[in-house]
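This report sets out what can be read from the coordinates of a single model, heading by heading. The sequence and the structure come first, and the discussion follows them.

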Amino acid sequence: MSVTRRGILTAVPIIGAGVLGVGFWRMLSDMRSGAFDPRAIKNPNVGKPIPTFAMPGLPGLGDGFTDAELKAQHRPVLVNFFASWCIPCVAEMPGLRAISRNMPIWGIAYEDKPENASAFIQRDGSPYARVASDRHGRVAIDWGVTGVPESFLVAPGGRIIWHGSAALDPQIYEAEIRPRLAGL
């Protein structure tokens with residue numbers, strides 16, 4: 001039996017589909033057992049100091065903030081990247097307001113028009129103790145943000161100790177953030 005070009009061209013897609021099928025089956029099996037979380041994004045900045053930045057505020061919501069102001073905090077701060085055009089950000093606002101009763105949250109409007117972000121925050125009540133505007137997304141790049149909403153728990157002194165790449169709610173706070181606060 002000789003190997004022909006036609007045989008190779010027929011076999012390659014079949015083998016490729018088989019490999020993809022096995023990969024998807026393994027991913028789905030891991031999701032079912034809890035070993036794989038499709039929302040889990042490893043951020044390389046966890047465990048490192050926050051990046052250097054200075055951002056302006058939003059209209060009617062204060063002066064913004066800098067890395068030095070965040071580092072000077074004597075208690076942990078949750079930094080939340082959001083946008084008025086982001087549907088999961090809208091959905092997470094009630095959860096952020098609940099979390100803000102337990103700890104300060106500083107918000108960063110990601111690639112958003114300042115007037116839109118300001119109106120978005122003021123519409124239902126702000127969960128943020130401080131808020132700033134990252135109009136062009138440059139600060140978000142330094143933090144390793146891949147999309148919004150994303151949040152970072154920053155320890156006193158400015159070290160990132162937790163990262164979440166999904167909308168926050170009180171259950172995530174209790175399961176993932178509160179244990180890290182207890183360890184400080």
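## Terms and basis

A residue is called buried when its relative accessible area is under 20%, exposed when it is over 50%, and partly exposed in between, with a 1.4 Å probe and protein chains only. At 37% relative accessibility, Glu111 therefore counts as partly exposed; this residue is found in the loop between E4 and H4, and it has a positive phi of about 45° although it is not a glycine. The labels of helices (H or I, at least four residues) and strands (E, at least two residues) denote DSSP runs, numbered from the N terminus.

The model is a predicted one, in which local features need pLDDT of at least 70 and side-chain atom pairs count only at pLDDT 80 or more, while totals for chains, interfaces and linings use all residues. Residues are numbered from 1 along each chain as its sequence is written, and side-chain values use heavy atoms, with hydrogens and water left out.

## The nonpolar core and Trp143

In soluble globular proteins, nonpolar side chains tend to be buried together. A nonpolar core is here a set of buried Ala, Val, Leu, Ile, Met, Phe, Trp, Tyr and Cys residues joined through side-chain atoms within 4.5 Å. The largest such core in this model holds 45 residues, of which Leu70, Leu78, Phe81, Phe82 and Trp143 touch the most other members.

With contact taken as heavy atoms within 4.5 Å, and leaving aside neighbours within four places in sequence, Trp143 is in contact with a set of residues that includes Asn43, Asn45, Ile50, Pro51, Leu70, Phe81, Phe152 and Ile160. Asn45, one of these partners, has its place in the loop between helix H1 (5-33) and strand E1 (54-55), and is buried because its relative accessible area is 15%. Under the exclusion of neighbours within four places in sequence, Asn45 is in contact with Asp142, Trp143, Gly144 and Ile160.

Two strands are said to pair if DSSP finds at least two bridges between them. E3 and E4 pair in the parallel sense over 5 bridges, with Ala109 in E4 as the bridge partner of Phe82. E3 and E6, by contrast, run antiparallel and are joined by 5 bridges, and here Val77 stands opposite Val154 in E6. E6 and E7 also run antiparallel, joined by 4 bridges, and Phe152 stands opposite His163 in E7. In the hairpin of E6 and E7, which has 5 residues between the strands, Gly157 takes a positive phi near 100°.

Which residues point each way from E6, and are they buried or exposed? Glu150, Phe152 and Val154 point one way, Ser151 and Leu153 point the other way, and all are buried. In E4, 6 of its 6 residues are buried, with Ile105, Gly107 and Ala109 pointing one way and Trp106, Ile108 and Tyr110 the other.

In H3, a kink of about 40° lies at Met93, shortly before the proline Pro94. The expected span of a helix is 1.5 Å times one less than its number of residues, so the 13 residues of H3 should span 18 Å, and its end C-alpha atoms, 19 Å apart, agree with this. The buried residues of H3 are Cys89, Glu92, Met93, Gly95, Leu96, Ala98 and Ile99, and what covers them includes E3, strand E4 (105-110), helix H4 (114-124) and H6.

Helix H6 (residues 170-182) has a kink of about 35° at Glu176, shortly before the proline Pro179. Ile172, Tyr173 and Ile177 are buried in H6, and the buried residues of this helix pack against strand E3 (77-82), helix H3 (87-99), strand E6 (150-154) and strand E7 (160-164). At the start of H6, a side-chain oxygen of Asp169 reaches to within 3.0 Å of the backbone nitrogen of Gln171.

Ala167 is found in the loop between E7 and H6, and is partly exposed because its relative accessible area is 26%. Not counting residues up to four places away in sequence, Ala167 touches Pro88, Glu92, Pro149 and Ile172. Pro149, one of those residues, lies in the loop between helix H5 (138-143) and E6, and a cis peptide bond, with omega about 0°, joins Val148 and Pro149.

How values were computed:
Bend = angle between axes of the 7 residues up to and from the residue. Polar contact = N/O pair within 3.5 Å; in protein donor to acceptor, adjacent residues only side chain to side chain.
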